[in-house]
Amino acid sequence: MSDVLLHVEHLSHSFVNGHGSRKQVIKAVDDVSFDVHAAETFGLVGESGCGKTTTGRTIIRLYEPSAGKVTFDGREISGPMTRDLRKYLSNNLAMIFQDPIESLNPRMTIEEIVGEGLKLRGVTNKSERHVQVVEMLHRVGLTEEHASRYPHEFSGGQRQRIGIARAMIVHPRMIIADEPVSALDVSIQAQVINLLNDLKQEMGLTILFIAHNLSVVKYFSDRIGVMYYGKLVEVANSDDLYLHPMHPYTRALLSAIPEPNPLTERHRVRIDYDPERDHDYSKEKPEMRDLGNGHSLYCSETEYEKALKELD
Amino acid sequence: MANDTILSVNDLRISFRTVNGIVQAVRGVSFDLHRGETVAIVGESGSGKSVTMKALMGILPPNAFIEEGSILYNGMDLARADEKTMHQIRGKRIGLIFQDPLSALNPIMRVGRQITEVLRKRGLNKAEARARALELIKAVGIPNPERSFSAYPFQFSGGMRQRIVIAIALAGDPEILICDEPTTALDVTVQAKILDLINQIREERGLSVIFITHDLGVVANMADRVNVMYAGKIVEAGTSEEIFLRPVHPYTWALLESMPDLQTRGRLQAIPGAPPNMLAPPQGDAFAPRSRYALKIDYEKEPPTFKLSPTHTAATWLLHPMAPKMEMPASLKERIARMRKEAEKYV
Ligand SMILES: Nc1ncnc2c1ncn2[C@@H]1O[C@H](COP(=O)(O)OP(=O)(O)OP(=O)(O)O)[C@@H](O)[C@H]1O
Ligand SMILES: Nc1ncnc2c1ncn2[C@@H]1O[C@H](COP(=O)(O)OP(=O)(O)OP(=O)(O)O)[C@@H](O)[C@H]1O
Ligand SMILES: [Mg+2]
Ligand SMILES: [Mg+2]
């Protein structure tokens, strides 16, 4: 658990909309810091629009960080983009997208889609590429016969497998999976999660798992980070987070998970989160503080002391 | 009960002409919708849920045709209604919230305008429409209603866009609201707000809701009754309690087993194999090849629908008096016991 693979420090990314007087700056990711250890699954959850996707995309440099630093295995990956860095990134980090339809080029065969990463990596020999593609397809539960087909000929679950094969073909050390199962039905979701778990075990894969289905996140993640409006507000081991949520937003989030039980759902009491009501940051400024045991909380000094007492 | 029936779907069969042949997407679906209730439709991807809903809205693609059956609404058969009639019904009597918010929004029209357009069609004047639109934007939980009113869809996250779509659907003030995975792209707190919102409107206006989702938690939370679909048919139907606590169809068992809850550890129970090819649907029970509980007759003859209670029906040979006794999987049994235990907290 000790070796940090991905280290994110004060990372920010802002979007600028409009021009002149109508210009607005959206701090989509605002001073976010967390570590992901080698071979662990780190879940990132939070309200829609809180910046989960932007965090993932900024780490992998689909977006430029506006501040902060990211290191991967000790090497800085947030600095000026060079050919060398681009290559390092594509060899080590890969992304799986939420929408398996949108993210696959409809005019490319599965072989071309999955093999693309190898090509970029300099595997120029076509038959060698084919061998590796087929091996990867088998690994994700598809067959050689599928290689010559096009994305539209596959079901949602199969397309997501293709996305996973494409990401895994270069044997990255880490995958950023942005809601990889959200668009899938339950039984296929189970297949894809089992597959990711197998890959994790066989290949020592590290995963940043972005999702909003908390039952799935809880099941799949070793640690979980909760985001709210661009800020990371709580990080803890997944059991701790569920048993001892400390941030009022985390509590609200947990109280809102519908469980597949009609007998209890009828009595569900949801907790509301209202930052104005729930915090007083007029005098004390909040910051990320360590509660021990890998649990950290974005809070003021007073809140911190209260949380420590409660955890005792 | 019958007086309360607002919509009645009877033996609906829908197929698609494709280059490879005829795809039999919906193969004899029947269900009723009562005033003020929520009926959930669950089932595997490709089982025909969306196609059935598109038929209700009269928005089937050109290569689709209704082979048989009727959709009775207000004394009309929507399966045979012309485009002019459907135009009167769509968005006004029957509203639809789609899976994919982007396809439902006009990317180059300001959000406020997309809502006021619907309101203006209902006869509100400009100022009324604007005020009502702002109310709706607020009601679906979009922050900064004034600013959002004049923003474009791309300026919102996926979840926010879905709320806009819901605001547009509610602007039509429909009698029936069809929700096709409306909260799939949303996080739970937003989802909770949207579910509350739908429930609130349902109570206030006696709205009837058809709710399609893969999230069984949402079903447990929302649905009065549940229809379980597999390969173009409803294989089991019942009240929420019947489906979650006393399921009898092997597909329902497999579905309930495959979803992790907060207590799940170990490997998930995925359903083995792939859904059937609807170009040539299998004979007999379409789920048989993937079922641990298949009998010989399942491969030969389609099971009839057995009635377990006035509200609970299922199409599986396991219910035939001569079938060998089979029980649901042990892990599901445990889970149901756990569900009952959890519920004791509330009595
Ligand atoms: N291309 C863009 N231009 C302008 N603003 C953007 C853009 N992409 C995202 N945003 C804004 O940045 C914020 C964070 O968005 P992001 O997509 O990262 O959220 P998210 O947590 O992934 O949400 P969701 O759960 O809905 O996917 C939101 O306020 C969003 O509106
Ligand atoms: N335009 C079309 N042409 C041919 N076949 C189609 C078309 N649209 C849908 N189908 C087929 O009809 C069947 C039912 O599709 P439908 O979209 O209703 O599934 P669904 O139950 O809504 O699935 P999901 O949960 O993935 O949304 C599928 O086999 C699908 O391939
Ligand atoms: Mg996102
Ligand atoms: Mg659908």
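Below are questions and answers on the cavities and the ligand shell of this predicted model.

User: What are the ground rules for numbering and for which atoms count?
Analyst: In this predicted model local features need pLDDT of at least 70, side-chain atom pairs count only at pLDDT 80 or more, and totals for chains, interfaces and linings use all residues. Residues are numbered from 1 along each chain as its sequence is written, chains are lettered from A and ligands numbered from 1 in the order in which they are written, and side-chain values use heavy atoms, with hydrogens and water left out.

User: What volume does the largest cavity have?
Analyst: A cavity is a set of points, on a 1 Å grid over the protein atoms alone, where a 1.4 Å probe fits but cannot get out. Points are joined across faces, edges and corners, and the volume is the space filled by probe spheres set on them. The whole structure holds 4 cavities of 30 Å³ or more. The largest is about 280 Å³.

User: Which helices each supply at least two residues of the lining of the largest cavity?
Analyst: Lining residues have an atom within 4 Å of a cavity point. There are 22 of them, and S182(A), Q189(A), H212(A), N213(A) and D215(B) lie nearest the centre. Helices here are DSSP runs (H or I, at least four residues), numbered from the N terminus. The helices are α6 (186–203) of chain A and α8 (188–205) of chain B.

User: Which element gives the most residues to the shell around ligand 1?
Analyst: Ligand 1 sits between chains A and B. Its shell (residues with a heavy atom within 4 Å) numbers 18, with S48(A), G49(A), K52(A), T53(A) and T54(A) closest. By class, that is 5 nonpolar, 10 polar and 3 charged. The top contributor, with 3 residues, is α1(A).

User: How much of the area of ligand 1 does the protein bury?
Analyst: Oxygen atoms of ligand 1 lie 2.7 Å from a polar backbone atom of G49(A) and 3.0 Å from one of G51(A). Alone, ligand 1 exposes 640 Å² (Shrake-Rupley method, 1.4 Å probe). The protein buries 80%.

Notes
1 Å grid on protein atoms, 1.4 Å probe; cavity = no way out; pocket = protein on both sides within 12 Å on 5 of 7 lines; lining within 4 Å. Near = heavy atom within 4 Å. Polar contact = N/O pair within 3.5 Å; in protein donor to acceptor, adjacent residues only side chain to side chain. Nonpolar A, V, L, I, M, F, W, Y, C, P; charged D, E, K, R; others polar.
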